[in-house]
Amino acid sequence: MVESKAEKAEVGRETVDSGKDDMEVGVPAEAPVKVFTVEILRLIKDMQLQHGLRHGDFQRYRGYCSRRIKRLRKTLNLPQGDRRHYKKRNVTLVNLEKPDSDERFLHIPLMLAERTWSYAMQLRQESNTEPRKRFHLIQKLCKSCVYALQLQDMCASDRCDARTKLEAEAYSAWIHGSLHFELALWKSAAENLQKAQVIYENLAQAMPEEEQTVYRAKVEELKPSLRYCAYNVGENATVKDLLEMRGQAGLLGNLSHLVAQTKAESMEAFQMTEWRGRSVTVRPEKVRLFLLSIQELNKSIEKAKDFPAKIEMLENVLLDCKDAIAAIKDEIKQDPKLRQNTAEGGSGGLIGIQYLLAYMSYTRLKLTLERNLLLVAQAKLTLDDPNVAEKSQLSGGGKKTKPQDLSRLYEIILQNVTEMQQLSGMETEASYQAEMETLSLSFRAFRCYYIAITLVAMKRWREAVAMYERSKKYANEAANTKTPCKDFDLRAELKQLVATIEGCKFSAHAYSVLEDDTADDTVLFGKSQKSSKPLYERLSHYKEDATLNSRNPNVFKLIPEMEPIPAKPLFFDLALNFVDFPSLDDKIEQKATGKGATAGMSGFVKGLFGWGGGGGASK
């Protein structure tokens, strides 16, 4: 039954080929040739997981395939008749060889094969209770084989690349193996399944690391069926013997050639880069351009005339690095599987694109660290370091650098090293963490050294000696480690720092002893010292103060300082308005009534001097 349908398909192809020769007359000879790439296995796996097969719902997936076929035919202007009449129109090579052809023409036979296969799997579930449906199951698998052969023949043309050819051949072999498995034709089923397994294994080896997962999963999926076929075939013949017999007939004769062609195409499309002994594929265009641009970065920095030019060059490269990292993150966001793996933390190890992101993040931090080290070297030119005999200054007399400025720079560098240690995906790598710890110890030694110089300038000798000791300890640990950082080898500078610290430490100790002796001599011989305290506050300490013999001796502060005291509280008598006081009229002396009562003081004065009043008038 399968053979007859396959022969009919071949006859139909021959008819189409004869019609194609007639149509090729009008095609211009200089039309650009399009080469299509269809990732068949990845495409069908994504569709199956998104439309029902995650839960084993084959009916839902079959409905999706029907709707997608309808959309494809409408979009590609390939209808099968109109609303009233049906006219079958298969996708042929003529459709692929048109100048405005589209790779979605290949999706139509693929979706037809998937629709019939999903219907067969639905019938397989129902045949457990209804055995008659098994005949319908066989018919649907036969039809799926016809569509798979049609897809394989179309992909065998020059319009498809080697990868698409291999995937179409493997898909067709798997569909035929499934049909023969249901028909209990164990030898032919084992042949086809083993053929599909071999092709998928070779594709996995030819593809980049992040694309190998789907092929290896398919290989593991085919193993139980192959073991069952081998069991039913018997002990005398094995699956490998059957494959070798068919291989002699030329069935897989061009497999090695197609795999080599696929690998060459993938190498052209994707650049490989290596970091810490692991190769990773570089897919984004921005990342590839950035990695090419930094190959000669060290030589360009060496040719720069001064530190500002080198720093500016590194800052420009850092901007490009940030754009490359953004391109990688955008690619991760676009792929739902990568986004889900990133959200889960990548417990199974970093895949290719995530490892590339870790490498680019490390590159950004490394460039930032180099920029900060150039800032340190520039600041050392104007540093007034008492422990360095030869001092070089910038031409033109720039601003002098203080030791605390360098200690702050090294603090920023240590923050960069901490970010390197916390890089996503590298927390569990022991060798990487050991190198970062060595780098951290080196920069801690330099930071402690410049903190000690700052303390020396403040004449805090004991703290300075302690910081010298700590700096020496860090430097010895970093210099004697077995895992130095490959990108920043500071062992020579650390040895020089240890030698410098030896002299600085004894110098600070000597200054500390001399300061104590000077303090004792001051008390003994009574040298004049100024003090802001009045004499009555330091009666128990003798100090020769020349201001006591001046016109304004600081003996006692006559005006005492203001001190805060509690203020008198304020009370508001709110009850006074509601109190009724007793009457005091009987207590008050009654005032005189009449004329005499109004005389007052003026009448007394008038009568005393004899003028005014009523008596003078009567006389």
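At what angle do helix H17 (residues 403-421) and helix H18 (residues 430-457) pack, and how far apart are their axes? Let's work up to that and some related exercises together. This is a predicted model, in which local features need pLDDT of at least 70 and side-chain atom pairs count only at pLDDT 80 or more, while totals for chains, interfaces and linings use all residues. Residues are numbered from 1 along each chain as its sequence is written, and side-chain values use heavy atoms, with hydrogens and water left out.

**Exercise 1. Describe the packing of H17 and H18.**

Step 1: Helices (H or I, at least four residues) and strands (E, at least two) are DSSP runs, numbered from the N terminus. Axes are lines fitted to C-alpha atoms, for helices over the stretch in contact, and angles run from 0 to 180 degrees between N-to-C directions.

Step 2: H17 and H18 pack at an angle of about 165 degrees, and their axes are 9 Å apart. H17 is therefore roughly antiparallel to H18. (Angles under 35 degrees count as roughly parallel, over 145 as roughly antiparallel, 65 to 115 as roughly perpendicular and the rest as oblique.)

Step 3: The crossing of H17 and H18 is left-handed. (A crossing is left-handed if the near helix is turned anticlockwise from the far one by less than a right angle, and right-handed if clockwise.)

Step 4: By class, the contact of H17 with H18 has 15 nonpolar, six polar and four charged residues. Here contact means heavy atoms within 4.5 Å. Ala, Val, Leu, Ile, Met, Phe, Trp, Tyr, Cys and Pro count as nonpolar, Asp, Glu, Lys and Arg as charged, and the others, Gly among them, as polar.

**Exercise 2. Follow H8 to its partners H7 and H9.**

Step 1: For H7 and H8, the axes come within 8 Å and cross at roughly 155 degrees. These two helices, H7 and H8, are therefore roughly antiparallel to each other. Their contact, H7 with H8, divides into 13 nonpolar, six polar and four charged residues.

Step 2: Helix H8 (residues 186-206) also packs with helix H9 (residues 213-233), at an angle of about 155 degrees and with axes 9 Å apart. H8 and H9 are therefore roughly antiparallel to each other. Among the residues making this contact are Trp 186, Leu 193 and Tyr 200 of H8 and Tyr 215, Leu 222 and Cys 229 of H9. The contact of H8 with H9 has 15 nonpolar, four polar and five charged residues.

Step 3: The crossing of H7 and H8 is left-handed, and the crossing of H8 and H9 is left-handed.

**Exercise 3. Describe how E1 and E2 are joined.**

Step 1: Strand E1 (residues 271-275) and strand E2 (residues 278-282) run antiparallel, joined by five bridges. (Two strands pair if DSSP finds at least two bridges between them.)

Step 2: Gln 271 has Val 282 of E2 as its bridge partner, and Thr 273 has Val 280.

Step 3: E1 and E2 form a hairpin with two residues between them, and Arg 276 in the turn has a positive phi of about 55 degrees.
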